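I set down each definition where I needed it.

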Amino acid sequence: MTYVQDALSEMDRFMDGGAEPAFRLPVKPLTREKVVIRLLLLALVLTTIYALAHIDTGGVDLTKAAADTLANLKIIFLHPGGPHLSFSKALYEVIITLGLAFLTTLFGGFIALFLGLLGAQNLAPKSVTNVIKIFVAFIRAVPTILWVLIFAVTAGLGAAAAVIGMTFHSVSYLTKAYAESFEDLDRDVIEALKASGANWWQIVFQAVIPSSFTFLLSWTFLRFEMNFANAVVMGAAAGASGVGFDLYMASGYYFDLREVGLITYVILAFAIALETIAIRMKSKIKDHQT
């Protein structure tokens with residue numbers, strides 16, 4: 001506060017015609033990189049304004065469309081229900097979707113644990129880690145729904161294709177996350193265990209996994225939440241049953257907004273419950289380790 005008052009008094013003396021102020025504000029030079037970034041941002045802003053000003057609305061009255069959207073949201077969130085789906089049935093369908101997400105995360109986490117160990121540069125040869133990282137990067141580049149549709153060619157539309165496709169993508173995601181967690185370990189600890197005569201499996205189960213368990217649990221629960229969301233989508237796109245199929249029928253076939261609201265609330269409740277469980281488990285593990 002004193003520095004600010006001194007600065008203001010110096011500025012007052014300077015504005016009154018006094019001597020040059022004793023302090024100078026730091027002025028950063030305008031580099032070429034900053035000029036390019038500012039020009040790029042300006043071009044993006046101008047392009048966005050031009051696109052919004054010349055967008056083809058197809059004769060739709062935007063004001064009326066906005067009002068109808070607000071009315072639909074009011075029906076969805078303030079009047080949930082519907083004749084085709086009761087609360088108990090919606091709860092049962094969400095549990096099925098939760099089961100798909102659990103199986104996918106379980107299979108994906110088990111496979112990714114071994115691939116992550118082989119993909120960590122401090123635990124495996126560089127040639128092996130490069131092959132695994134390239135392989136999982138290729139899998140991650142393809143969206144989950146495409147993998148599900150690819151496996152649906154052989155397994156058919158249904159829960160089997162959804163589990164296989166989501167597991168395939170979960171393996172690539174968790175492998176990268178696990179490998180990075182393993183690489184953050186102190187190399188001196190690993191070298192000390194090697195010098196003491198410990199083999200690779202002893203290093204993994206006595207040092208690597210116990211030290212990284214909290215991070216592994218966090219990444220696994222994060223992927224579980226993602227798989228739960230993906231399982232909802234797969235229920236509509238791949239016929240994997242669960243609440244996703246009911247949401248598709250309510251929104252696209254029956255056009256029952258009240259039923260959409262009921263399904264949305266049930267999904268939201270389960271998502272909050274999963275997040276709460278994950279936070280409590282992580283805190284208990286940290287308290288146990290300390």
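**Entry 1, V260.** I began with V260, which lies in helix α11; I take helices as DSSP runs of H or I with at least four residues, and strands as runs of E with at least two, numbered from the N terminus. The model is a predicted one, in which local features need pLDDT of at least 70 and side-chain atom pairs count only at pLDDT 80 or more, while totals for chains, interfaces and linings use all residues. Residues are numbered from 1 along each chain as its sequence is written, and side-chain values use heavy atoms, with hydrogens and water left out.

I looked up the accessibility of V260 and found 11%, so this residue counts as buried; the term means under 20% relative accessible area, with exposed being over 50% and partly exposed in between, for a 1.4 Å probe and protein chains only. I then asked which residues V260 touches when those up to four places away in sequence are not counted. They are I76, L247, A250 and S251, where contact means heavy atoms within 4.5 Å. I76 is 184 residues from V260 in sequence, yet their C-alpha atoms are 6.3 Å apart in space.

Leaving aside neighbours within four places in sequence, I listed its contacts as I75, H79, P80, G81 and G82. I also noted that the C-alpha atoms of R258 and N72 are separated by 9.2 Å, although the two residues are 186 residues apart along the chain.

Which residues have the most contacts inside the largest nonpolar core? They are V94, F228 and I267, in a core of 18 residues; such a core is a set of buried Ala, Val, Leu, Ile, Met, Phe, Trp, Tyr and Cys residues joined through side-chain atoms within 4.5 Å. The elements that give two or more residues to this core are α4, α9 and α11 (257–289), and α11 supplies the largest share, 7 residues. Apart from this core lies another, of 16 residues, which includes A112, L123, V204 and L216.

N227 has its place in helix α9, and I recorded it as buried because its relative accessibility is 0%. Not counting residues up to four places away in sequence, N227 touches A101, T104, T105, M166 and S170.

I next looked up the largest pocket, which holds about 400 Å³ of space. A pocket here is an open set of points, on a 1 Å grid over the protein atoms alone, where a 1.4 Å probe fits, with protein on both sides within 12 Å along at least five of seven lines; lining residues have an atom within 4 Å of a point. Its lining consists of 15 residues, of which T105, L106, Y178, L217 and T220 lie nearest the centre. Two or more lining residues come from each of α4 (87–119) and α9 (200–237), and α9 gives the largest share, 7 residues.

Helix α7 covers residues 159–183, and its 25 residues reach 35 Å from first C-alpha to last, close to the 36 Å expected at 1.5 Å a residue, a span taken as 1.5 Å times one less than the number of residues. Since 18 of its 25 residues are buried, I describe α7 as largely enclosed by the rest of the structure.

F168 has its place in this helix, α7, and at 27% relative accessibility counts as partly exposed. Beyond residues up to four places away in sequence, F168 touches I139, W147 and F151.

Of the contacts with a separation of 6 or more, 75% are between residues 24 or more positions apart.

Conventions. Grid points are joined across faces, edges and corners, and a volume is the space filled by probe spheres set on the points.
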